[in-house]
Amino acid sequence: MSACLLEVEDLGKVYRSYSAEWRRVLHWMGLPMASVTEHWALRHVSFKIERGEAIGIVGQNGAGKSTLLKLVTGTARANEGKVACIGRVSAILELGMGFGPDLTGRENCRHAAGLMGHSEAEISRMLPEIEAFAEIGDYFDQPVRTYSSGMQMRVAFGVATAVRPDILIVDEALAVGDTYFQHKSFDRIRQFREQGTTLLIVSHDRSAVQQLCDRAILLDKGRLIKDGGVEEVMDFYNALIAERENQTVTVRQLDGGRVQTISGTGEASVEKVGLHDARGEPIEFVNVGQPVELRIQARVHQSVPRLVLGYIIRDRLGQAIYGTNTHYTRQALEAVAAGTVVDYSIRFPMNIGAGTYSISTALVSTETHLENNYEWRDLALLFTVANLDKPFFVGTAWVAPSIELTVS
Amino acid sequence: MLELFRALWRYRFFIVSSVRNDLRARFARSHFGAAWMVLQPLAQVAIFSLVLSEVLAARLPGTTSKSAYAIYLMAGLLSWSLFSEITSRCLTLFVDNAGLLKKMVFPRICLPVIVVGSALLNNLLLFMAMLLIFALMGHAPSLELAWLLPLTALTVAFSLGLGLMMGVLNVFLRDVGQVMAIVLQLWFWLTPIVYMPSIVPGGFQSWIALNPMTPIVQAYQQSILHGQAPDLVGMAWVVGLAALLLVLALLLFRRASPDMVDVL
């Protein structure tokens, strides 16, 4: 079988509107009717997806994400280019589609599975497994109208993922239901992936994309503007949002191929970032549990009403390990004049697992970077944590145990 | 064309389960359940026969029995209810299923097939209830009742062709749905269901003759009430029209499909 599972070539989708709808009807008849406006929701988009890859599709509202998914699943037809797909495509675009409130969970499952094109015999085989996955007990044979929304989600997700597809398309439906079920559904998606399913995920949720994907595609105004590693694309995406508010974005290639993105309005900037040991010596390698000091020097170029420094320690994949800011610690500075230099000294024990980490810094006015983003600096500092003297452990957190044994 | 049928066959389970769910959803949580499906048209027959034959003293020419008029009415309604159910449901078919069409990938042709399936099922139940009432009235149906099979097929073809065309247009021009709802009401009265064509003044006779539902309804009445074979020659043009509409509807459906999802 070919390694390339999905190939999208120069894809374009146009939404046409006519001055009157009857003109559209005449257009089908083959009469040359000019449309009044053409809106290209997607154009010149090309990418290839190999077997077993997991790809996140990100972009702002109206960037063309949903259109792309519709074209890939086949609910909408492209006007330009083509989508070549091998294998079974299954989409979780909306859970509980076609559920009837007066039918029981079991009947709805049969119906929904039929809608997915399964035969009666296949469905009978699938049902016990769906029932077990949903874990809603006797409710499975009660009308769906008596379900809570969470229960409905469980059944719907169970049906949608009852058979492992070759390509699974997930549209932001992940953040539903209770925490337990979220984990369970994430697990199932992960299992599919290990068995070779290609994932295509659309989400605004950075952590969901980072947990599941190893590649990301950024769409903006119907164009594919970035295709690459998740961290790099997500950083670029964050910067893009910032840029929309007249901010500048600089992208710099760091040693080792990682890409640093700096964005912001520029009223203040981080001048120096350094990690130091207890004696104040700069360090790059840190032992697990070692007390360290993070020194950040910020300079204010134009007076700002309020200055907050935030930082996030991220792991190799860009997932947040720990982050806070001086708003939460009640150390925000008010009415900071131009020319002020602020030195922050942040001390903490490095209670995180072995691996390479990065620190992102943010100079903002409130607790989020959405209101006033003076400067957002990804990969401001890179460091490595090594386990020198602790017993071996896995994971990103150092949660020192004391283990007692009773052998009888 | 072949792939169309293959897709339908592959989705047969979905179609059957949709028809079943349709039926179940309609009568869920009602005490009389499926009985309503029969009670409603029968109430209509009862009202018409009461008003027209008792109050207005309408008599079917050539017969003396009072029940003849009720049977005439029921024969017409059997045909009309199938026609109007398929037409009016096809009219809003794509608009009603917008969510499904936008989010799921399945052969679109399943939707009209489901409508036809559930309308046929309703019609069958109604027919059986009518047979029961005929028996109570002492009206013995003849073997000519077998004509109802091709007549039902013709009614389905005509209403599906018309309904599907209007249904596709209704996605883009929602006025079509509103207009058709009125047209259907008017159409009912232009069809000799509650009255005999002979009582209509001369000026309207030609209108009734131009109505493609007239030969169909008359054929129903012939085979049910009089136990006679329908006038096949007079019906030929309706068969041709139904076939034409069906082909046009399929073509239109094919053409409009890509645009439909975008507009819904």
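How far is the sulfur of Cys90(B) from the closest cysteine sulfur, and which residue holds that closest sulfur? Hi everyone, let me start with that one. The distance is 14 Å, and the partner in question is Cys110(B). Please keep in mind that this is a predicted model.

For a pair to count here, the two sulfurs have to lie within 2.5 Å. At 14 Å, the sulfur of Cys90(B) is too far from that of Cys110(B) for a bond. Over all chains, the structure holds zero disulfides.

Are these two cysteines buried or exposed? Cys90(B) has 0% relative accessibility, so it counts as buried. Cys110(B) is likewise at 0%, and therefore buried too.

Now let's move over to chain A, and to strand E19(A). This strand covers residues 355-364, and eight of its ten residues are buried. Which strands does E19(A) pair with? One is E15(A), residues 304-314, which runs antiparallel to E19(A) and is joined to it by seven bridges. If you want a spot to look at, find Val308(A), which stands opposite Val364(A) of E19(A).

Another partner is E20(A), residues 373-386.

Technical notes:
Residues are numbered from 1 along each chain as its sequence is written. Chains are lettered from A and ligands numbered from 1 in the order in which they are written. This is a predicted model: local features need pLDDT of at least 70, side-chain atom pairs count only at pLDDT 80 or more; totals for chains, interfaces and linings use all residues. Side-chain values use heavy atoms; hydrogens and water are left out. Buried means under 20% relative accessible area, exposed over 50%, partly exposed in between (1.4 Å probe, protein chains only). Helices (H or I, at least four residues) and strands (E, at least two) are DSSP runs, numbered from the N terminus. Two strands pair if DSSP finds at least two bridges between them.
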